[in-house]
Amino acid sequence: MEKKKETILLFPFMAQGHIIPFLTLAFKLEKKGYNIIFVNTPLNIKKLKSSLPQNSSISLLEIPFNSLEHGLPPNTENTDSLSYKLSIHFTTISSSLEPSFRNLISSLIEKPLCVISDMFFGWSANVAHEFGIFHVIFSGAGGFGLACYYSMWLNLPHKETKNFVFTMPDFQEGGNLDVSQLNPSLLEADSNDPYTNFNWKNLPSWINSDGILFNTVEGLDKLGLTYFRRKLGIQVWAIGPIPWPTSNKQRGGNETGEETEKFIKFLDEKEEKSVLYISFGSQNRISTSQMMELAKALDNASRVNFIWAVRPPLGFDINMEFRAEEWLPEGFVQRVFEDQNRGLIVPKWAPQVEILAHKSVGAFLTHCGWNSILESLENGVPLLGWPIAAEQFYNAKFLEQDVGVCVEVARGNNSQVNHEDILEKIEVVMGVNDRGNEIRRKACEIKEMISNAIIDDEDFKGSSIRAMDEFLNAAESKNKLSNDVKINGNMSNS
Ligand SMILES: O=c1ccn([C@@H]2O[C@H](COP(=O)(O)OP(=O)(O)O[C@H]3O[C@H](CO)[C@@H](O)[C@H](O)[C@H]3O)[C@@H](O)[C@H]2O)c(=O)[nH]1
């Protein structure tokens, strides 16, 4: 008899940076033969409907939300349209979804095998457990970065640590941090502000969950994963890297295949490992003066080819058309592209996965978002780190000091940077010198480690494949146990 298809319910926070990794995980689980229910607020579901592939069997389910009831502008259902301050407010009020989520679960005809929810929805563990459902949190961020974030928020305040290098009291093995690695909300937080209250309620509630899934690799990220095992005493599974959907459109781009070909043609013409790829991810931007300095460094790096995905600098509308004359040095685009054929400037969005997989790419200047890091290291491409927000500062530090595959170029988007410093660091990572050679050797070692983690053969299963199986087995065991309890309970009642 064919085994009944079990259902897994996924529920990400309402932000693209959360919805997209959850969708990626949903595709992965769908491929493994599970029915998938993907829950979100109505406007996000509407958007998802138009982007799912036609052959997808994922069921999209709406959870009601009225932004006006929470002092938010009408139809606000995603952080994309919000200022930083309102995004924080939106995050703090997200726990108001709890009663609706309970109603949604109780209205399901069949109990799901498992609920996979967002790290901001720690409360959802108790709701799932009320219905006897296995519950895990999924983190798109890596173990080390999230461990620092967790520790820093639970060990407030940091106001007094100004000008000091310090260690995290419960994560000493994470090493030293510098005050410039704290984002403003963390620096200003005390026990009275709403975001502190949110974090103090949410982060400890993770302990109620049955486990955490990380989009990372055990061998690479053991330090952070061990922190959570020790701190929470729950299961922690490293199941990554989970590849992003292959279509660039699903990742958020809008290029056609033809445009991707333009990049590949450019790369095909270049020498092996001679191209620097530059991107600050899907959300972050640098300032105009930083952009000018970066361009000057590239102007002077005559032996380096590059592809740069340029987003409008801070202070300009995010949807604004590309304005070379305001954002870049005079004649820059003409010089590097038309005259020298060594620099390709891409307004906004580049086919990153395809670019990083090309043999001509020698390094990636990145804001250190975790997906970008994995995509780079999967291809053995070393990094130049320019962290801007969130846990990116900790990621950069980890990759430079613990893993040895990165050189930090600059920090934040309101700092002064200098083109000579940037150029020097580009030359370290891309040039022939002892440090550069060692960084590249290490990046190849990590590439090997990552590809071993996802081997799925008859006679060998990599660590991430085993972790995914262990997670699914744990969910099935719990499900069986709660069904047995129910059957026995019914029998003793009858
Ligand atoms: O021109 C571009 C820019 C981005 N991408 C893709 O967009 C994703 C970007 O992801 P990531 O590198 O993780 O950056 P963010 O979008 O900034 O990610 C948010 O989510 C991450 C995972 O939780 C965190 O590590 C970051 O701090 C947070 O900003 C990657 O898959 C890229 O391939 C493209 O394809 N083309």
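Helices (H or I, at least four residues) and strands (E, at least two) are DSSP runs, numbered from the N terminus.

## The model

This is a predicted model: local features need pLDDT of at least 70, side-chain atom pairs count only at pLDDT 80 or more, and totals for chains, interfaces and linings use all residues. Residues are numbered from 1 along each chain as its sequence is written, and side-chain values use heavy atoms, with hydrogens and water left out.

## The shell around the ligand

The ligand is surrounded by 23 residues. The closest are Ser282, Ala350, Ser372, Glu375 and Glu391. Helix 16 (residues 370-377) supplies four residues, the largest share of the shell.

Domain 1 (7-245 + 458-493) and domain 2 (257-451) each give at least three residues to the shell. Their bounds come from an automatic or database domain assignment.

The shell holds seven nonpolar, twelve polar and four charged residues. Here Ala, Val, Leu, Ile, Met, Phe, Trp, Tyr, Cys and Pro count as nonpolar, Asp, Glu, Lys and Arg as charged, and the others, Gly among them, as polar.

## Polar contacts and burial

A polar contact is a pair of N or O atoms within 3.5 Å. For Ser372, an N or O atom of the side chain is 2.5 Å from a ligand oxygen. For Glu391, the distance is 2.6 Å. For Asn371, a polar side-chain atom lies 2.9 Å from a ligand oxygen.

Taken alone, the ligand exposes 700 Å². The protein buries 94% of that. These areas come from the Shrake-Rupley method with a 1.4 Å probe.

Two strands pair if DSSP finds at least two bridges between them. Seven strands form an open sheet in the order 3-2-1-4-5-8-9, and the pairing is parallel. Strand 3 (59-62) and strand 9 (235-238) are the edges, each pairing on one side only. From one strand to the next, the twist averages 25 degrees. Axes are lines fitted to C-alpha atoms, and angles run from 0 to 180 degrees between N-to-C directions.

Strand 4 (residues 114-118) pairs with strand 5 (residues 134-139) over five bridges. Cys114 stands opposite Phe134 of strand 5.

Strand 11 (residues 305-310) and strand 12 run parallel, joined by five bridges. Phe306 has Gly343 in strand 12 as its bridge partner.

Notes
Near = heavy atom within 4 Å. Polar contact = N/O pair within 3.5 Å; in protein donor to acceptor, adjacent residues only side chain to side chain.
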